[in-house]
Amino acid sequence: MRRHRYAKIVATVGPATNTPEMLKALFLAGVDTFRLNFSHGVQADHAKVHAAIRALEAEVGRPIGILQDLQGPKIRVGTVRDGRLDLAAGERVRFVLEGSEGGKDAIPLHHPEIFAAVVPGQDLLIDDGRVRVRVVGVESAVIEAEVVTAGVISNRKGVNLPGTLLDLSPLTEKDRADLAFGLGLGVDWVALSFVQTPSDVLEARGLIGERAGIMSKIEKPQALDRIEDIIRLSDAVMVARGDLGVEIPHEDVPGRQKELIRACRLAVKPVVVATQMLDSMVSAPAPTRAEASDVATAIYDGADAVMLSAESATGRYPVEAVAMMDRIIRSVEGHKLYRSIVAASEPGEEETPPHAVATATAVLAEAIQARAIAAYTTSGTTAARVARKRPAVPILALTPSRETSRRLSLLWGTHSVHTADVDSYEEMTSEAARHAREEGFAREHDMIVAAAGIPFHTLGNTNNIRVIQV
């Protein structure tokens, strides 16, 4: 099954879509990678979904990616008196390290790292910023604060601390248990929540190794300060605009999104844009015009993938949301300005032979109007290098690794095929032509361009281009 678009779609599985029938409907509508959100549900439920996706993969004969999204160290208030506290602007409140069922003078906040990090003058944002309080005094187990933005605090609402680096591991005990479970299932990607520093990614790498790709979710402003190192250590990045939009000004989010996409393209790492992309479709059969424009902007920016969250997990119109996203992507990619806009945002290139060969492959394929670029790849690096150029020619990634073929379902413009490895130049040529025909990219006498590393079976050594007539 060939997708007639370049950007990919990630959809979150939830109560609305966790049956084999719904998963198949989502795939047929356009989903390339499924997200399992471990902030919700139990391990047994995720195992059933994972098994259903793998069964679907076998049925349709196409690699399907599975992304495990770990909950991370979510900071929350405890339970409050009567389940809610109404706060007025200018009112004084106290947060306490110990206790429960507190009132305005003793709101439970069982996170010692906050008490160790905050100083007077800093803000605490509660419930995605709906309530804002400013710290006026700190003791070992008490934070005195003044309400800046009035609102309601109810049980277990999230707390954000803009600009504050907390001494927190990105992996809680729950995350570690979920991670071991997910790796045992065989997930393709692991998304790390609330990454703050490069050491957070290294900590996860020590546990994951190469068993899955690491996707760092950028939702803390502290991560932006070390973003180049974080991207370098990660296998992919998610622009998680929900929490990021709470901790930095709303007006800064679009610019940061463009910066992150550009940085990931330069580093040859897939980048996913996420959060509230078609949020109206949780309850309505069509998005707002602004939401359609938001998805389009990510595509014009050159994102590898766009993601649905509640729209596909709990929404009333999950299949319609995927189909709408698919239509928006195809419309943008067919627009007369798309190519010039994507080319204008192209980052500089690393001056290495493999990158130069991949760039030349893309340029040559466009120049001769090739029907496809056949990228022989074991780790996925060759395909990613070609994809960075965002060529107007689809990429047929041929890999002997089933794991790589699944991970490539996230990469822009790439149609991955799990196939036997090749051992000779002649076999490379014939197999590239055969797969181009069988996968519907080329017919007899069409031209394709193949990129590979020679000698074969050598990782990351993109050094050869071949023009092939089918």
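Predicted model: local features only at pLDDT ≥ 70, side-chain atom pairs only at ≥ 80, totals over all residues.
**View 1. The whole protein chain.** The C-alpha trace of the protein chain spans about 80 × 45 × 45 Å along its principal axes. Of the 470 residues in the protein chain, 55% are buried. When contacts between residues at least 6 apart in sequence are considered, 68% of them join residues at least 24 apart.

**View 2. The closed barrel of eight strands.** The barrel runs in the order E1-E2-E3-E12-E13-E14-E15-E16, and its pairing is parallel. On average, neighbouring strands of this sheet are turned by 25° against each other, with direction ignored. Strand E1, covering residues 8–13, and strand E16, covering residues 305–308, run parallel and are joined by four bridges. Within this pairing, valine 10 has methionine 307 in E16 as its bridge partner.

**View 3. The stacked pair of tyrosine 6 and tryptophan 412.** A pair of aromatic rings is described by the distance of the centres and the angle of the planes. A search of the whole structure finds two aromatic pairs, and the one formed by tyrosine 6 and tryptophan 412 is stacked, with 4.7 Å centre to centre and 15° between the planes. This pair links distant parts of the chain, 406 residues apart, since tyrosine 6 belongs to the segment before E1 while tryptophan 412 belongs to the loop between helix H16 (402–407) and strand E19 (414–418). Tyrosine 6 has a relative accessible area of 16% and is therefore buried, the cut-off being under 20%. Tryptophan 412, at 1% relative accessibility, also counts as buried.

**View 4. The tilted pair of tyrosine 300 and tyrosine 338.** These two tyrosines form an aromatic pair with 6.3 Å centre to centre and 50° between the planes, an arrangement that counts as tilted. Tyrosine 300 lies in helix H10 (residues 289–301) and tyrosine 338 lies in helix H13 (residues 338–344), so the pair ties together parts that are 38 residues apart in sequence. Tyrosine 338 counts as buried, at 1% relative accessibility.

**View 5. Two arginines over aromatic rings.** The charged end of arginine 339 sits over the ring of tyrosine 6, at 5.2 Å from the centre of that ring. In the second case, arginine 3 lies over the face of phenylalanine 27, and the distance from the ring centre is 4.6 Å.

**View 6. The cis peptide bond between isoleucine 454 and proline 455.** The bond that joins these two residues is cis, with omega about 5°. Proline 455 is found in the loop that lies between strand E20 (447–452) and strand E21 (464–469).

View 7. Glutamate 101 is a residue other than glycine with a positive phi, near 50°, and its place is in the loop between strand E5 (92–96) and strand E6 (107–108). With a relative accessible area of 45%, glutamate 101 is partly exposed. Aspartate 128, which is not a glycine either, has a positive phi of about 55°, and its place is in the loop between strand E7 (123–126) and strand E8 (131–138). Aspartate 128 is partly exposed, with a relative accessible area of 46%.

Technical notes
Residues numbered from 1 in each chain as written. Heavy atoms only, no water. Pairing = 2+ DSSP bridges. Helix = DSSP H or I, 4+ residues; strand = E, 2+ residues; numbered from the N terminus. Axes fitted to C-alpha atoms, helices over the stretch in contact; angles between N-to-C directions. Phe/Tyr/Trp six-rings, centres within 6.5 Å; stacked < 30°, edge-to-face > 60°. Buried < 20%, exposed > 50% of the residue type's maximum accessible area, 1.4 Å probe, protein only. Lys NZ or Arg CZ within 6 Å of the ring centre and 35° of its normal. Contact = heavy atoms within 4.5 Å.
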